[in-house]
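Subject: Structure for your review

Dear colleague,

Please find below the structure that I am handing over to you. My notes on it follow directly after.

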Amino acid sequence: MAEKVASMQNAAPVSPEKFARIPQEDKSADFMARPKITYWSDAWRRFKQNKLALVSMAILLVIVLMVIIVPIVSPHDFSKGNFRNKHAAASAEHWFGTDQLGRDIFTRIFVGGRVSIAIGLVGALISAVVGTIYGAISAFAGGRVDNLMMRIIEILGSIPYLLLVILIQVYFQERSLGTMILALTITGWLGSARMVRGQLLSLKNQDFVLAARTLGVSSWKTITRHLIPNTLNIIIIQITFDIPGYIFSEAFLSYLGIGIESPMTSWGAMASAAQQKFLFYPMELFYPSLMIALTMLTFVLMGDGLRDALDPRLRE
């Protein structure tokens, strides 16, 4: 003990400067080597690294802006034409030429784009909402309720959507945008429901869900506040992949002649009208086909980029 006391006395004295007060203006202690990054900011950072997805999003934005602006500023009425100027070649007055009734194809392309993109967006959103709610209830309930709800999905999935479209058009006696969306979304939500159910089955036994149920949180709040938010990234990705599917379905139905009714048009309806004279006027079929392919491709590539960006397993 005496040796320890002697060694402490012989030690170098501590300088009083080491006990000096740090000025309040000195914020070095609060310095963060790396700023805080949220889930969505990190997802956007990783999405920007995917150049192909970024270019696809830029092209898609240009298409949407053209669809909104061109029909407003165009001097030509999409539903009226000059029969004496039918099948005219591209010129300064008609950039894409005219169709069999002398109507400006350039204007009709972007008017038809409104219908096609609207069906894709609205149909995908309706399918996502209905499918998410249905799949979440099925997964959370489990047991007989889950089995019954899955059997309903299997029955609805066995019905051809083409038959549903025809029946709905016969019932309402019209071929409008509303009937098309209704016909396509009656069974369009089944895929989203299966996907959400499978994702929630892997989450409902997690600790945070068990804690919420232990604390007395209602089943509906557990689904809406804990389960669905944890599947939001999967739902967003599913929407981006559903949109081109709805656009193609509308184009296919219009090509068969059971789509949008004239004088309203869509890309599929324009392709259907142009295919009859394809050998003589191929460009009339080329323009709507190009817009369908380009829009579907940009949505798919952007969805692929979102899938990689929103996957938490790839976060660094």
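I begin with D99, which counts as buried because its relative accessibility is 7%, under the 20% limit. R108 also counts as buried, because its relative accessibility is 7%. Please bear in mind throughout that this is a predicted model.

Salt bridges

D99 and R108 are joined by a salt bridge, with 3.6 Å between the closest N and O atoms. The pair belongs to a network of salt bridges that links D99, R103 and R108. In general, side chains of opposite charge can pair when their charged atoms come close. The count for the model comes to five salt bridges.

Another of these salt bridges is formed by the side chains of R197 and D146, at 2.8 Å from N to O. This pair links distant parts of the chain: R197 lies in helix α8 (residues 190-201) and D146 in helix α5 (residues 143-157), and the two are 51 residues apart. D146 counts as buried because its relative accessibility is 8%.

Helix α5 also holds R151 and E154, three residues apart, which is about one turn of the helix. These two residues form a salt bridge in which the closest N and O atoms are 2.9 Å apart. R151 counts as partly exposed because its relative accessibility is 38%. E154 is likewise partly exposed, because its relative accessible area is 46%.

Nonpolar cores

The largest nonpolar core has 38 residues, and within it L200 and L227 touch the most other members. Setting aside neighbours within four places in sequence, the contacts of L227 are F140, L200, L203, K204, V209 and T222. Another core, of 14 residues, lies apart from the largest one; among its members are I63, I105, I117 and M270.

Nonpolar surface patch

Which residues form a nonpolar patch on the surface? They are L121, V122, I126, V129, V130, I133, I137 and W220, and together they have about 630 Å² of accessible area. Helix α4 (residues 105-141) gives the most to this patch, with seven residues. V122 counts as partly exposed because its relative accessibility is 34%.

With kind regards

How values were computed
Residues are numbered from 1 along each chain as its sequence is written. This is a predicted model: local features need pLDDT of at least 70, side-chain atom pairs count only at pLDDT 80 or more; totals for chains, interfaces and linings use all residues. Side-chain values use heavy atoms; hydrogens and water are left out. A nonpolar core is a set of buried Ala, Val, Leu, Ile, Met, Phe, Trp, Tyr and Cys residues joined through side-chain atoms within 4.5 Å. Buried means under 20% relative accessible area, exposed over 50%, partly exposed in between (1.4 Å probe, protein chains only). Contact means heavy atoms within 4.5 Å. Patches are made of residues with over 30% relative accessible area and no salt bridge: like charges are joined within 9 Å, nonpolar side chains (Val, Leu, Ile, Met, Phe, Trp, Tyr) within 5 Å. Accessible areas come from the Shrake-Rupley method with a 1.4 Å probe; for residues, only the protein chains shown count as cover. A salt bridge is a side-chain nitrogen of Lys or Arg within 4 Å of a carboxyl oxygen of Asp or Glu. Helices (H or I, at least four residues) and strands (E, at least two) are DSSP runs, numbered from the N terminus.
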